[in-house]
Amino acid sequence: QQQQQRRLQPLKDLPIDLVVEQAIRQLGLIHANPNPETTFTPPVAVPMEQSKLISSVLDHKRFQSALEEWNEKVADFRRFCLMMDDSNNNNKFTPSS
């Protein structure tokens, strides 16, 4: 059990904001900011060791399925926003799916 604790300690020490930032970038949410008053910070240089840990977290099977589900919801929301924008501009928008 101590060996497992030593193996997991680097993951526990990993700053969650770095993992979340990378997940958001993978989903492409950085470039889809609906609020122009809010700005996103540029990517932070992450040491290689932390970068590998972040990749291992993001590649985890359960995390991948959560990202896929989140990606679908983001896509649905974007379609909804396009339809609302088009209806406000008196355009007809039909989703391609």
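Mentor: Happy to. Let's start at Leu-67: setting aside its neighbours within four places in sequence, it is in contact (heavy atoms within 4.5 Å) with Ala-23, Gln-26 and Leu-27. Before going on, please note that this is a predicted model, in which local features need pLDDT of at least 70 and side-chain atom pairs count only at pLDDT 80 or more, while totals for chains, interfaces and linings use all residues. Residues are numbered from 1 along each chain as its sequence is written, and side-chain values use heavy atoms, with hydrogens and water left out.

Leu-67, Ala-23 and Leu-27 are among the nine residues of the largest nonpolar core, together with Leu-14, Leu-18, Val-19, Leu-53, Ile-54 and Leu-58. Such a core is a set of buried Ala, Val, Leu, Ile, Met, Phe, Trp, Tyr and Cys residues joined through side-chain atoms within 4.5 Å. Buried means under 20% relative accessible area, exposed over 50%, and partly exposed in between, with a 1.4 Å probe and protein chains only. Helix 2 (16–27) and helix 3 (48–58) each supply at least two residues of this core, and helix 2 gives the largest share, four residues. Helices here are DSSP runs (H or I, at least four residues; strands are E, at least two), numbered from the N terminus.

Gln-50 counts as partly exposed because its relative accessible area is 25%. Neighbours within four places aside, Gln-50 is in contact with Leu-14, Pro-15 and Leu-18. The C-alpha atoms of Gln-50 and Val-19 are separated by 9.6 Å, although these residues are 31 apart along the chain.

Now follow helix 4 (residues 61–88), where Phe-77 lies. Phe-77, Phe-80, Met-83 and Met-84 make a nonpolar surface patch of about 390 Å². Patches are made of residues with over 30% relative accessible area and no salt bridge, with like charges joined within 9 Å and nonpolar side chains (Val, Leu, Ile, Met, Phe, Trp, Tyr) within 5 Å.

The structure also holds two salt bridges, each a side-chain nitrogen of Lys or Arg within 4 Å of a carboxyl oxygen of Asp or Glu. Side chains of opposite charge can pair when their charged atoms come close. One joins Lys-73 and Glu-69 (3.4 Å, N to O), both in helix 4 and four residues apart, about one turn. Lys-73 is exposed at 52% relative accessible area, whereas Glu-69 is partly exposed at 46%. The other joins Arg-79 and Asp-76 (2.6 Å, N to O), both in helix 4 and three residues apart, about one turn. Arg-79 is partly exposed at 28%, and Asp-76 is also partly exposed, at 45%.

Finally, step back to the whole protein: it has four helices and zero strands, in the pattern α-α-α-α. Of its 97 residues, 14% count as buried. Among contacts with a separation of 6 or more, 59% join residues 24 or more positions apart. The accessible surface (Shrake-Rupley method, 1.4 Å probe; for residues, only the protein chains shown count as cover) is about 8100 Å², with 54% belonging to carbon and sulfur atoms.
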